[in-house]
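Please look over the structure below before reading on. The paragraphs that follow take it part by part.

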Amino acid sequence: MTTTTTTAPVPGPGPGPGTATQSARIEVRDLTKRFGDFTAVDHLSFTVEPGRITGFLGPNGAGKTTTLRMLLGLIKPTAGTATIGGRRYHDIEKPMSVVGSALEATNFHPGRTGRDHLRVLADTAGVSTQRVDEMLELVGIPAAARKRAGGYSMGMRQRLGLAAAMLGDPQVLILDEPANGLDPEGIRWLRGFLRHLAGQGKTILISSHMLQEVEQTVDDVVIITNGQLVRQGAMSDLHGAPRALVRTSDPAALAGALRVSDITSSDVSSSDDGSGALMADTSDLRLIGDVALRAGLPIYELHGIQNDLEQLFFQLTENTNRNLGQPAAGQQEAQA
Ligand SMILES: Nc1ncnc2c1ncn2[C@@H]1O[C@H](COP(=O)(O)OP(=O)(O)OP(=O)(O)O)[C@@H](O)[C@H]1O
């Protein structure tokens, strides 16, 4: 993909209803969606805060898109509520100025140029043509936008979708798998772009079926499987408490020296290794090094330890994933 990139400030169309003062929290309460007797979303509750990027995570078929579609008023919940700034999507007066969304990157008329596509949307929302060009510039496809969308790469469609979502300068952005199809440079660009928007106080919810894909992008996570919440919280909590592995000649002596500095540790030496090892309850590697030096102990290895996120995600979701076994009884295609 050859695109220009920018992290320039995101211009807005100026003050208007629903832009500056709108409370922009997303609240999902006891949300349930059944298709026939198959429950796609099951009493789901979570909150997404302004000024933060929240990853909405779960394996394929977990119910993410179904939840987002209810949030955006595209399908009706069987029970429960999904609100943006305290209102259901249908009750928001000028929705494009409150919430921008990109649910499917492929959903563009192939014969229409990217720019024309945005102009049609802009007309509907009462947004200026100038804003269309600004948004195309902002997502890095000003030249490509004059070509037919049918010839776009997946990454270009993602960027066009993002430009469309941003047209009304919404307080809330809801993006379904926005990193899908982006090359590494594109993913880095997207990360900077979303971080900038979150810095402006916008509420950003992005879905993904891979925790690692969004690990460096999101502040908070909402993890679901089988339509149910399994975890909500800060990304930093998923990494677990800070720890460090230190390998030395005399782990008991080092553990004692660390204790004097109020650092607890546990012996993780393995019998087939001549040296011993400690797991210290700190991420301050320099402090461990200083303590070892003062105690006259050599350090053979020293590094911080984080939870294996892939393993954690697997434990939280895949082990119970309904989609990995036989299809749930009664599951069939049905209209919303
Ligand atoms: N209209 C429908 N009729 C019947 N079942 C449906 C319908 N829409 C979705 N489902 C089912 O609901 C479940 C959740 O689907 P959904 O698309 O919300 O999952 P997802 O988490 O977005 O998955 P993916 O990561 O693969 O996009 C799936 O088992 C899917 O087959």
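Which domains does the domain assignment of the protein chain give? It gives domain 1, covering 26-238, and domain 2, covering 243-305. The coordinates are those of a predicted model. Between the C-alpha centres of domain 1 and domain 2 there is a distance of 45 Å.

Next come the helices. Two packed helices are described by the angle between their axes and the distance between the axes.

Helix 3 spans residues 114-125 and helix 4 spans residues 129-138. Their axes come within 9 Å and cross at roughly 135°. Because of this angle, helix 3 is oblique to helix 4. The crossing of the two is right-handed. On the helix 3 side, Arg-115, Leu-118, Arg-119 and Ala-122 take part in the contact. They meet Thr-129, Arg-131, Val-132, Met-135 and Leu-136 of helix 4. The residues of this contact divide into 5 nonpolar, 1 polar and 3 charged.

The second pair joins helix 3 with helix 5, which is made of residues 154-166. Here the axes come within 10 Å, and the crossing angle is roughly 20°. Angles under 35 degrees count as roughly parallel, so helix 3 and helix 5 are roughly parallel to each other. As helix 3 passes helix 5, the crossing is right-handed. Which residues of helix 3 meet helix 5? They are Gly-114, His-117, Leu-118 and Leu-121, and their partners in helix 5 are Leu-160, Ala-163 and Ala-164. By class, the contact of helix 3 with helix 5 has 5 nonpolar and 2 polar residues, with no charged residues.

Leu-118 of helix 3 can be followed through both contacts: it belongs to the set that meets helix 4, and Leu-118 is also listed in the set that meets helix 5.

Methods:
Residues are numbered from 1 along each chain as its sequence is written. This is a predicted model: local features need pLDDT of at least 70, side-chain atom pairs count only at pLDDT 80 or more; totals for chains, interfaces and linings use all residues. Axes are lines fitted to C-alpha atoms, for helices over the stretch in contact, and angles run from 0 to 180 degrees between N-to-C directions. Helices (H or I, at least four residues) and strands (E, at least two) are DSSP runs, numbered from the N terminus. Angles under 35 degrees count as roughly parallel, over 145 as roughly antiparallel, 65 to 115 as roughly perpendicular and the rest as oblique. A crossing is left-handed if the near helix is turned anticlockwise from the far one by less than a right angle, and right-handed if clockwise. Two residues are in contact if their C-beta atoms, placed from the backbone, lie within 7 Å. Ala, Val, Leu, Ile, Met, Phe, Trp, Tyr, Cys and Pro count as nonpolar, Asp, Glu, Lys and Arg as charged, and the others, Gly among them, as polar. Domain bounds come from an automatic or database domain assignment.
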